Amino acid sequence: MYRIINISATGCCLFFFLTIYHHLHLPTSLSAFPVAVCRCVTFSPFKWLKFPPQGNFEDLPLNTGAADNNSSLVVCFGEMLIDFVPTVGGVSLAEASAFKKAPGGAPANVAVGISRLGGSSAFIGKVGDDEFGHMLADILKQNNVNNSGMRFDCSARTALAFVTLRADGEREFLFFRNPSADMLFHESELDLKLLEQAKIFHYGSITLIEEPCRSTHLAAMTIAKKAGSILSYDPNLRLKLWPSPEAARKGIMSVWDKADIIKISEDEITFLTGGDDPYDDNVVLKKLFHPNLKLLLVTEGSEGCRYYTKKFRGKVTGVKVKAVDTTGAGDAFVSGILSNIASDISLYQDEKRLREALAFANACGALTVRERGAIPALPTREAVLKILQNIPE
């Protein structure tokens with residue numbers, strides 16, 4: 001399904017490929033690129049090490065409708081792009097000899113993740129009027145995601161990102177947006193009807209970096225909120241895309257008090273609070289929990305997640321696995337929790353049911369790290385329930 005970019009002299013060929021992609025008018029066939037088609041890598045089964053407590057996961061709300069079921073529709077706004085992931089782990093981008101092409105972009109990952117779990121989702125965003133852009137639109141359609149809110153720009157290319165998990169456990173990103181089509185999304189291009197149908201409107205912070213996309217993002221939030229949508233925010237910090245750390249902090253916090261649900265990571269807590277302890281509940285509650293917030297979630301990777309509401313707080317143990325690629329794990333977690341909240345809007349008011357939904361979300365994230373790339377690895381509801389039902393008491 002996906003092609004492998006085989007790069008023997010990584011720096012030279014990568015520069016050549018990307019220069020052509022962004023600056024020349026090419027024939028429609030991608031065969032014009034110096035690309036070699038190889039077999040996709042197969043992966044050995046992952047090893048389970050520890051499980052969270054078992055709950056009544058079969059009782060979690062299930063929306064079996066497709067993306068046209070508007071009663072529980074989750075609309076995701078933002079970027080969709082092509083991720084290039086090394087075919088072997090533990091190497092830097094410069095050391096990688098080949099890359100697997102995979103669809104990505106956090107909001108799009110969430111939309112596909114919700115659909116895979118049996119929920120109803122739609123994506124609003126902009127891609128290039130090129131083969132990559134139309135491929136991404138087709139992938140959304142194939143995954144039963146409403147893509148009617150997508151727009152195509154003939155003057156800019158679809159964004160590209162090279163992503164790797166280095167031997168030291170750190171992820172390395174290299175983005176190509178000079179500018180990319182997603183940055184050129186105008187307010188006049190918004191699908192107003194789709195926004196007004198959203199039960200949950202989910203977004204990140206990358207679309208807040210540049211105009212005109214920033215104004216479009218703010219307008220979409222306003223329209224969805226006026227229509228009664230729950231606003232869900234995952235900042236998904238990508239510091240290298242911002243002009244400066246201070247600009248990133250200011251931009252991310254500029255819409256903080258508008259969200260009803262926020263998901264952040266430990267590293268993002270440290271960044272947003274100026275270096276405070278991300279494990280200190282008082283730091284989280286005093287600096288990040290605002291009066292209108294219904295649910296604040298802090299993900300801790302394989303260790304699970306913490307949750308904070310106005311009435312209660314706690315932690316749900318994660319599922320530890322042997323990770324192949326952590327790209328998209330946080331998005332899978334978001335898909336898991338939003339798919340349940342969309343079907344049961346009062347879920348976060350009942351701690352027992354919330355904990356069960358978060359154990360489900362943790363399992364979604366764990367299953368995703370078994371494969372390379374985000375969207376190809378997102379699990380089905382059946383796969384998640386199978387894992388959870390096999391957890392010992």
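Modeller: Here is a short talk about the sheet, a few residues and the terms that describe them.

Modeller: This is a predicted model, where local features need pLDDT of at least 70 and side-chain atom pairs count only at pLDDT 80 or more, while totals for chains, interfaces and linings use all residues. Residues are numbered from 1 along each chain as its sequence is written, and side-chain values use heavy atoms, with hydrogens and water left out.

Biologist: Thanks! What makes strand 12 and strand 13 a pair?

Modeller: Two strands pair if DSSP finds at least two bridges between them. Strand 12 (residues 295-299) and strand 13 (residues 304-308) are joined by four bridges and run antiparallel, so they pair under that rule. One of the bridges links V298 to R306 in strand 13. Helices (H or I, at least four residues) and strands (E, at least two) are DSSP runs, numbered from the N terminus.

Biologist: Why are strand 6 and strand 14 said to stand at the edges?

Modeller: The open sheet has nine strands in the order 6-5-2-9-10-11-12-13-14, with mixed pairing. Strand 6 (146-153) and strand 14 (313-317) each have a single partner strand, so one side of each lacks a neighbour in the sheet.

Biologist: Why is T216 called buried?

Modeller: Buried means under 20% relative accessible area, exposed over 50%, and partly exposed in between, with a 1.4 Å probe and protein chains only. T216, in helix 5 (residues 213-226), has a value of 0%, so T216 is buried. Leaving aside neighbours within four places in sequence, T216 is in contact (heavy atoms within 4.5 Å) with F77, F185, H186, E187 and L190.

Biologist: What is phi of N144 and of N236?

Modeller: Phi is near 65° for N144 and near 50° for N236. Most residues other than glycine have a negative phi, and most peptide bonds are trans.

Biologist: Which peptide bonds are cis?

Modeller: One joins N178 and P179, with omega about -10°, and another runs from E211 to P212, with omega near 5°. P179 sits in the loop between strand 8 (171-176) and helix 4 (192-197).
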